[in-house]
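Please consult the sequence and the structure shown below. The paragraphs that follow lead through selected features in turn.

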Amino acid sequence: MDRRDFLRSLALTGAAAVAACRDPPRALPPGDLLGPSFASAHRLPAQGFPPPSETRRVALAIVGGGVGGLAAGWRLARAGFADFLIVELEDTPGGNSRAGRNEISAYPWGAHYLPLPTSEAGAVRELLAELGVLHGDPHAVQPTYDENYLCATPQERLYRHGRWQEGLLPIAADAHERAEYQRFAELIDGYRHRRDRRGRRAFALPMEKSSRDADLIALDRLSMRDWLHSQGFVSPQLHWYVNHACCDDYGTGSAAVSAWAGIHYFACRDGQASNASSDIVLTAPQGNAWLVDGMVRSIGQRVGERLLTGALAFRVAGGETPGKEPLIVDLWLASEQRTLRLLAGQVIWAAPVFLLAHVLAGRAALRAAARRYTYAPWLVANLSLARFPDDRLGAARSWDNVLYAGQGLGYVDATHQRMRLAPGRTVLTYYRSFAELAPEEGRLLLREASREFWAEQILSELELPHANLRQVVTRLDVYRHGHAMCRPLPGLIWGRERARFAADGARLRFAHADVSGFSLFEEAHYRGVLAAERSLRSLGVASASLLD
């Protein structure tokens with residue numbers, strides 16, 4: 001049996017095999033199997049789209065309506081520039097920050113929190129101030145944040161050995177392990193406070209503002225697990241904790257993630273607030289969709305509707321030689337079964353970089369660089385509950401809940417912010433990476449497995465801490481992200497391929513988290529604002545930078 005047959009067999013029979021272990025079998029809750037527009041996107045390699053039936057002119061086309069594309073549009077609109085169009089494949093914008101809603105609550109389909117932004121993330125702070133979440137001066141050392149968005153405590157807990165414990169770092173087994181924990185914390189603290197001769201932090205967020213010291217850049221040439229071993233860390237619990245962090249942010253385990261990226265996860269987050277500790281995050285029931293909605297609303301209020309959804313960009317051509325001829329952006333409008341051609345003076349590509357290998361005409365070096373990117377698949381499920389399930393012993397109910405031996409990364413509670421005011425029904429958002437599989441194997445499993453297969457696996461896993469879970473789940477929906485995030489493998493972040501996309505182009509620029517090498521809101525937002533400001537300068541529009 002080859003790999004494809006094996007995975008197909010697993011997908012089709014796994015749920016039945018698990019269910020057969022129970023006596024009697026129990027029915028699964030209803031729900032849907034969801035995902036991005038697979039059919040349209042999978043047409044890209046073969047192309048075969050009809051010639052355009054309409055041509056429109058625009059000064060600036062933004063391809064991709066995720067955080068990067070919306071940030072670019074938000075920045076342009078703040079400058080009073082209106083001659084742009086954001087085109088998005090899906091029916092709604094937001095990328096990995098989309099959300100859903102039912103009669104119980106809003107809930108995320110992807111990214112679900114924002115750490116307190118550091119001083120380097122000035123544009124993010126400006127956005128939060130505009131949305132009324134940051135009060136006062138956005139550049140203050142310790143801004144004040146709206147209490148409704150500061151994650152309520154307890155913030156996180158870990159289920160291990162049949163009990164919940166507070167925090168995600170497993171309780172140390174002995175004095176030797178406690179000493180390893182302490183030494184790891186001291187190393188990370190040293191990186192967090194380190195500055196180079198130019199005053200740059202060792203690990204900044206956004207990463208573009210990080211130090212270029214040679215010993216730091218060298219960390220990008222080995223894996224995070226190898227770095228841990230090189231420092232003498234042998235604790236299985238510490239290795240689990242670091243691996244979980246890598247899977248959580250990068251969809252990839254510590255054995256494959258660049259040590260630079262792994263350390264960045266721990267050392268870059270030190271945002272401050274006057275009314276919260278630095279480890280508290282900003283969140284809402286819908287995850288980061290409130291940030292997306294805020295940018296869309298801001299654009300509309302300033303310059304009117306500038307978003308075209310349901311549009312697949314299948315060809316970007318022109319602009320390689322000096323001159324004023326427009327760049328061509330061909331769009332497939334699936335709902336209308338026709339091709340629309342945009343003639344754009346400039347283009348900001350804010351969709352995932354790997355698509356450029358199929359879309360970009362000419363520019364062989366960029367297409368070759370795009371092929372060097374690899375992507376982690378991801379699964380998100382939302383479980384609607386008639387009430388919160390019975391809990392095992394240990395720490396109090398928390399927002400972020402992780403199982404030490406789980407296949408998934410745990411779940412967040414959509415109503416955690418208001419549970420003290422209105423306890424009752426809730427939605428749990430469950431996350432799973434596929435770090436144990438090669439990315440193509442994970443994508444194949446996502447394509448082949450049924451919703452019932454995933455529902456049975458998820459319920460079986462979460463029954464460990466919540467024995468009566470099945471009795472209170474009323475619905476279970478599953479969302480599949482085939483290319484959820486680029487994988488920061490050794491050599492990507494400070495390599496030549498990524499640098500090609502980070503450089504300023506004459507009329508083609510890039511504004512996606514991929515340009516930074518890993519998928520974080522702050523990175524996507526920074527890249528979008530940076531591309532927009534470069535475009536404004538090229539177009540001769542004066543506007544003070546938000547990034548200084």
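In this predicted model, residues F184, I188, Y191 and R192 of α5 meet I263, F266 and A267 of α9. The two axes come within 9 Å of each other and cross at roughly 85 degrees. The helices α5 and α9 are therefore roughly perpendicular, since an angle of 65 to 115 degrees counts as such.

Helix α9 itself, residues 259-267, is mostly covered, with nine of its nine residues buried. These buried residues are A259, W260, A261, G262, I263, H264, Y265, F266 and A267. Besides α5, they pack against α6, α7 (224-230), α8 (236-250) and α17 (521-538). At the start of α9, the backbone nitrogen of W260 has a side-chain oxygen of S258 within 3.1 Å.

Two packed helices are described by the angle between their axes and the distance between the axes. For α3 (residues 67-78) and α10, the angle is about 30 degrees and the axes are 9 Å apart. Angles under 35 degrees count as roughly parallel, so α3 is roughly parallel to α10. The contact draws on V67, L70, A71, G73, W74, A77 and R78 from α3, and on V292, M295, V296, S298, I299, R302 and V303 from α10. The crossing of α3 past α10 is left-handed.

The loop that lies between β11 (281-282) and α10 (289-303) contains T283. Is T283 buried or exposed? With a relative accessible area of 2%, T283 is buried, because the cut-off for that class is under 20%. Its side chain reaches the backbone oxygen of H112 at 2.7 Å. When neighbours within four places in sequence are left aside, T283 is in contact with H112, Y113, N148, Y149, C151, W399 and Q417.

Other loops hold backbone features of interest. A cis peptide bond links T153 to P154, with omega about -5 degrees; P154 is located in the loop between β8 (144-145) and β9 (156-160). Another cis peptide bond joins L205 and P206, where omega is about 10 degrees. P206 belongs to the loop between α5 (175-193) and α6 (214-217).

Positive phi values in residues other than glycine also deserve attention. H161 is not a glycine, yet has a positive phi of about 55 degrees. H161 sits in the loop between β9 and β10 (163-166). At 69% relative accessibility, H161 is classed as exposed, because that class begins over 50%. Q337, likewise not a glycine, has a positive phi near 55 degrees. The loop between β14 (327-333) and β15 (338-349) is where Q337 lies. Its relative accessible area of 55% makes Q337 exposed as well.

How confident is the predictor, and what is the average pLDDT of the chain? The average is 93, and 93% of the residues score at least 70. Over residues 11-24, however, pLDDT stays under 50. For this stretch, the model has 18 contacts beyond four places in sequence.

Definitions and conventions
Residues numbered from 1 in each chain as written. Predicted model: local features only at pLDDT ≥ 70, side-chain atom pairs only at ≥ 80, totals over all residues. Heavy atoms only, no water. Helix = DSSP H or I, 4+ residues; strand = E, 2+ residues; numbered from the N terminus. Buried < 20%, exposed > 50% of the residue type's maximum accessible area, 1.4 Å probe, protein only. Polar contact = N/O pair within 3.5 Å; in protein donor to acceptor, adjacent residues only side chain to side chain. Contact = heavy atoms within 4.5 Å. pLDDT = per-residue confidence, 0-100. Axes fitted to C-alpha atoms, helices over the stretch in contact; angles between N-to-C directions. Parallel < 35°, antiparallel > 145°, perpendicular 65-115°, else oblique. Left-handed = near helix turned anticlockwise from the far one by under 90°.
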